[in-house]
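The model is a predicted one.

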Amino acid sequence: MSEQEPQAPAGSFAEHLAQSPSAALSGGQSNKVELFVQGGSIGWLGEDSGQWAVVTSQDAAVPLKAYVHTDGVLYYCNAGDDSRYLSVSDGYHYVGFYNWVGARGWTLNGGVLTSLYTNAPLSIYSTGNGYLYANSGYTPVTVQFH
């Protein structure tokens with residue numbers, strides 16, 4: 001059985017890393033995201049000073065822009081800083097805002113935002129913790145875009 005040799009990449013590696021879909025986001029609608037557990041609002045999707053996603057007030061919520069990349073994957077960009085994308089860390093699967101190279105894809109189905117990296121829904125460990133995760137062992141959160 002023979003495999004076909006892949007094509008050589010175009011351009012330099014640095015050029016590839018510098019590519020950002022932010023130009024496609026210009027003019028796109030941004031929305032704040034309200035978070036719910038078992039039908040009750042727990043707050044809004046925001047970020048702390050370390051760019052980790054947290055539950056916050058509506059005034060401090062981070063507006064997001066949806067972006068479907070050429071590979072058909074849905075990403076969410078921080079509309080206030082279009083170099084930062086909603087993503088998921090290794091380990092406990094904290095959600096945060098990372099650069100395009102570290103961006104992770106998502107699906108949205110019936111208010112459930114699911115990470116393609118962990119195959120787990122957006123979740124919280126506890127309301128007292130305040131951080132958002134994409135961890136199937138934690139309490140799932142549903143979302144509503146405003």
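Strand β11 spans residues 123-124 and is joined to β13 by two bridges. The two strands run antiparallel.

This pairing belongs to an open sheet of three strands, ordered β12-β11-β13. Pairing in the sheet is antiparallel. β12 (132-133) and β13 (139-140) stand at the edges. Each has a single partner strand, so one side of each lacks a neighbour in the sheet.

A hairpin comes next. Strands β9 and β10 form it, with two residues between them. Gly-110 sits in the turn and has a positive phi of about 60°. Four bridges join the antiparallel strands β9 and β10.

| Pair | Residue ranges | Bridges | Direction |
|---|---|---|---|
| β9 and β10 | residues 106-109 and residues 112-115 | four bridges | antiparallel |
| β11 and β13 | residues 123-124 (β11) | two bridges | antiparallel |

Now the side chain. Asn-78 lies in strand β6, residues 74-78. Is Asn-78 buried or exposed? Its relative accessibility is 4%, under the 20% cut-off, so Asn-78 counts as buried. What does the side chain of Asn-78 make a polar contact with? The partner is the side chain of Glu-47, at 3.1 Å. Leaving aside residues up to four places away in sequence, Asn-78 touches Glu-47, Val-62, Pro-63, Leu-64, Arg-84 and Phe-97.

Notes
Residues are numbered from 1 along each chain as its sequence is written. This is a predicted model: local features need pLDDT of at least 70, side-chain atom pairs count only at pLDDT 80 or more; totals for chains, interfaces and linings use all residues. Side-chain values use heavy atoms; hydrogens and water are left out. Two strands pair if DSSP finds at least two bridges between them. Buried means under 20% relative accessible area, exposed over 50%, partly exposed in between (1.4 Å probe, protein chains only). A polar contact is a pair of N or O atoms within 3.5 Å; within protein, one must be able to donate a hydrogen and the other to accept it, and residues adjacent in sequence count only if both atoms are side-chain atoms. Contact means heavy atoms within 4.5 Å.
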